[in-house]
Every structure is written in C-alpha cells, then in structure tokens.
Amino acid sequence: MSLDGRDGMDGTVVLVDDEEMVLDAIEGFLELETSYRVLGFTSPDRALDAIGEERPEAILADFLMPGMDGIQLLERVRAVDPTATRILLTGYADRDNAIRAINRVGLYHYMEKPWDNEHLKLVIRNGVERSWLFRQLDERLEELESANEELHEIRRRLVRTFL
Amino acid sequence: MTAPGIVVLVVGGVALLGLGVTVGGLWARRRADRLDRRYRDLEREARELREACRELRASYAELQSSEAAQVNDARVSSVGSLVAGVAHEMNTPLGALNASHDTFRRALDRLQDILADERVDPEELEEVRRIVRAVDRTARTQDLAFERLAHVVDELRAFGRPDDAEISVVDLHDGLESTLTVLGHELGDRIVVERRYGDLPPVECHPHRLNQVFLNLLSNAIHAIHGPGTIVVGTDAGDGQVTVAIEDSGVGIPEEDLPKIFDAGFTTRKERKGMGLGLLISQQIVHQHGGRIEVESRPGEGSTFRVRLPVRIPASGARAGGAGEAGP
C-alpha cells in the first residue's frame, strides 16, 4: 500500500448488479480506496461481452437479476475465462438458493447484502491477486512447455548430427 | 219366570260380566303396555335426537372456529409476507446507503488530512480531485437510496391509511381526469385513452383515496400494455350504484394468477419499484366505501377492472370495515 491509502495493485474488476445504487456505492468506494479499473454493468449480457474483451481479474455479480441470475452469469464467465475470480453478492433472503448453486460455479466467495466495505475490499484484493497468480502460473507453464519442446528439438538435432 | 231360572240368569250374567271385565282389563293392559313401550321408544329416539343435535351443534361451532382460524391464518400470513416484502425492499437501499456512507466518511477523513497539511503540493491536489469524485458518486447513491426508501415508506403509509381524508360528494369524472393528467407522461403517444363516460350522480366518498384506486388501476393498465395500445375508461350508474370500468388491451392475467392478484407482494413489475401492494390497498379502499372490485381477463387480449360503488357510503362500511381489515 502506498502512502495515500491506495492498494497500489493493478487489475480490472467487473461489477454486475441491476441496481444502479449498488454499482455506484461499490464503484465510489473502490475508486477511493484502490487503483483498480472498475467497470459496472446493470445488464448481465453486456457484462459478459465486456468480460470477453477486457479479461478482468475479478467479477462481482448480484444474485437476483431479471433475465440472467448471478449464478448463470458466473457459470458463463467460468466457460469464457476460468482464471477470473468469481464472487457472488446476495440478498439475505436469497441465501439458501445461492448456497445451493455455489458448487456449480466454483465460487471464490459469496457476500451478503448489506456488505462491509473493508471486507469487500479484502475479498476483491485477494480475488484479483489469486487470478493474477493463476495467470502467471499459466504463463510459466506455457514457457516451460515451449522450452521443453525446444530442448526436445535440440536433442533430436544432436542425435541426427552425431549418430 | 221361575226363581232358579232368574238365579241362573243373574249368575250367568255376572259371570259374563266378570269375563267381559277380565278380558277388557287384559286388553286395556296390553294396550297400555304397548303405549308404554312406544313411549319409551319415543323417549329413546328423542334422546338420540337431542344427542345428535348436540353433536351437530358442537361440530358446527368447531367448524366456525376453524374457519375463523383459517381467515386469521390467511391474514397473519398476508401480514407476514408484507413484512418480509418490506424487509427485502429495504435491504438493497440500506446496503447501498451503509456502504456509501462509509466511503463518505473515509473520503472526508482524507480530505481533512490533506487540508490540515499547510504545504499542499500539486500532486496532492490531484488526490483531492479524486476524492471529490468519489464523494460525488457516493452522494448520488444516497440520493437514489433515499428516494427508494421514501417510496417504500409512502406505500406503507398508504397501506396504514391515515383517517384524515375528508368525505365529500363529488363527480368521479373529475378524479378520473386528474389521475389521467398525472399519468400523462407515462401514457405518451404509446397509449390511446378512450373515454366512455355515462351520466354519474355525485358520489359520497373519500376523493383522495378513490383517486389512489384509479391511479393504481390505470398504472397497472399502462404496465400491462407493451408497445402501442388502448385503455378504455367507462362509467355508468344505476340502482344507487356507480361503476367505473378500466379496460386495457394489454397482456392479460393468466388464469392461475387471478386468485393471487389481491395478495400482498403479488407483482409482475420487473423493475422492483413497487412492493405488490397496489391492488390490495385499492381493494381495501373500495371495501371501506362499501363497494367491490371485479376483474375479468383474457390472456393475450387484455383485462377489465370494474370498481362498483354505492352512491352513499353505508354506515358500517367506512369505519368498522376498515378497522378490521387494515392495521399495520
């Protein structure tokens, strides 16, 4: 953390909630307290389009939305990009339904409304970091794989040259 | 006639008489026995009837009290779902307010820190601008959340129905017209309103409450129409009664939903602006006037809501009826 209280970490966070006031409240808070790029959507469909293009590290979705609920949305996010961290925001009354569906989506965390800002920040920060580490790991694995292939190629050439 | 002959005759006569009395006595006793049995039978039957009657009365009382319990259950669960609806409706704006208030505090603390420092440099001014942007956004959340909470409280207040509304004798067409004016921007060019007004006598009522009913029914009609459509507002009178009919060319109500439309919490509006109390409140207001609301709907073609009101409020309708049904 830098002196001004910012997180000092980069990353993109997508928020999806059909209630504008919820988006505003979270965006305002994250703008003040972190340096993430925050994209808010009231429409799950538009959020999906953006997630494909922007490759956010974390997605925070409301559970009850008209059209597509948060679980369905996160299920589709998982198909598009499994390394993005998926977080669900639920109203107290929807809790049971949400919990039942959590395993289906491979949820990182679920939060209840009304949420605590400090806790939300922590969850999002850990979620972004987790996704970032996954992607780093992916890259390293790919690098190792291509290095491995190169080694194989070299070995093949050595064998061909000397035998 | 000789003396012995007479004696024989007398003895014979006495014997005959004795026989006759004996036979008669026997017959009478048998008859009495029969009557006695009959009487006992009747008495038993009467006892059985009395018993059956008592049982019937008991089970009738039981039925009555269980019916009362059912009505009470329905009322309790209706209030329960109302309370759950209110809690649900409050949760989102409260959550938003809570979070944005927290952001507000943090931002103010930071601004105060910067302002307390006498050597403010340009870089820090950029930080101040950023904080002000966050505060601005927070204030916007609070506007929206307060507005939503105020709306919920308004609906609740209407449900709890303050008794200050005056009774007067009015032309219902005036109320319909002012309600249509209020809804003007929602009707727009999309919906044509056709007026089929009959001759109405002046009606004794709480005009503001009836306007609320008209507002609710017309607003439902508008929401039932997707795209262009028509709303027909008709009135007529007869037999000491007036009828206001609001007919829309909207989507109609599925048959399975018809019994539920007056329940607390029933709504088809997706934008979550209402709590599904509109029709319940309307029905309550119309009941207070001694009237009723009738619904007719054909899915895909539209719905008609008819408000039937007596020209004069019945003595028992306005107060007693309301006190029993309402209550927060």
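Two strands pair if DSSP finds at least two bridges between them. Strands (E, at least two residues) and helices (H or I, at least four) are DSSP runs, numbered from the N terminus. By that rule, β4(A) and strand β5 (residues 109-112) of chain A pair in the parallel sense over four bridges. Ile87(A) stands opposite His109(A) in β5(A).

This is a predicted model: local features need pLDDT of at least 70, side-chain atom pairs count only at pLDDT 80 or more, and totals for chains, interfaces and linings use all residues. Residues are numbered from 1 along each chain as its sequence is written, with chains lettered from A and ligands numbered from 1 in the order in which they are written.

Stay with β4(A). Strand β3 (residues 58-62) of chain A also pairs with β4(A), in the parallel sense, over five bridges. Here Ile59(A) faces Arg86(A). β3(A), helix α3 (residues 70-80) of chain A and β4(A) form a right-handed β-α-β unit. Right-handed means that, with the strands pointing away from the viewer, the path from the first strand over the helix to the second runs clockwise.

Why is β4(A) largely enclosed by the rest of the structure? Six of the six residues of β4(A) (residues 85-90) are buried. Buried means 20 or more other C-beta atoms within 10 Å of the residue's own, with C-beta atoms placed from the backbone. Thr85(A), Ile87(A) and Leu89(A) point one way; Arg86(A), Leu88(A) and Thr90(A) point the other.

Now chain B. Helix α3 (residues 172-182) and helix α5 (residues 207-224) of chain B pack at about 50°, with axes 9 Å apart. Axes are lines fitted to C-alpha atoms over the stretch in contact, and angles run from 0 to 180 degrees between N-to-C directions. α3(B) and α5(B) are therefore oblique to each other.

Methods
Buried ≥ 20, exposed ≤ 12 C-beta atoms within 10 Å, placed from the backbone. Parallel < 35°, antiparallel > 145°, perpendicular 65-115°, else oblique.
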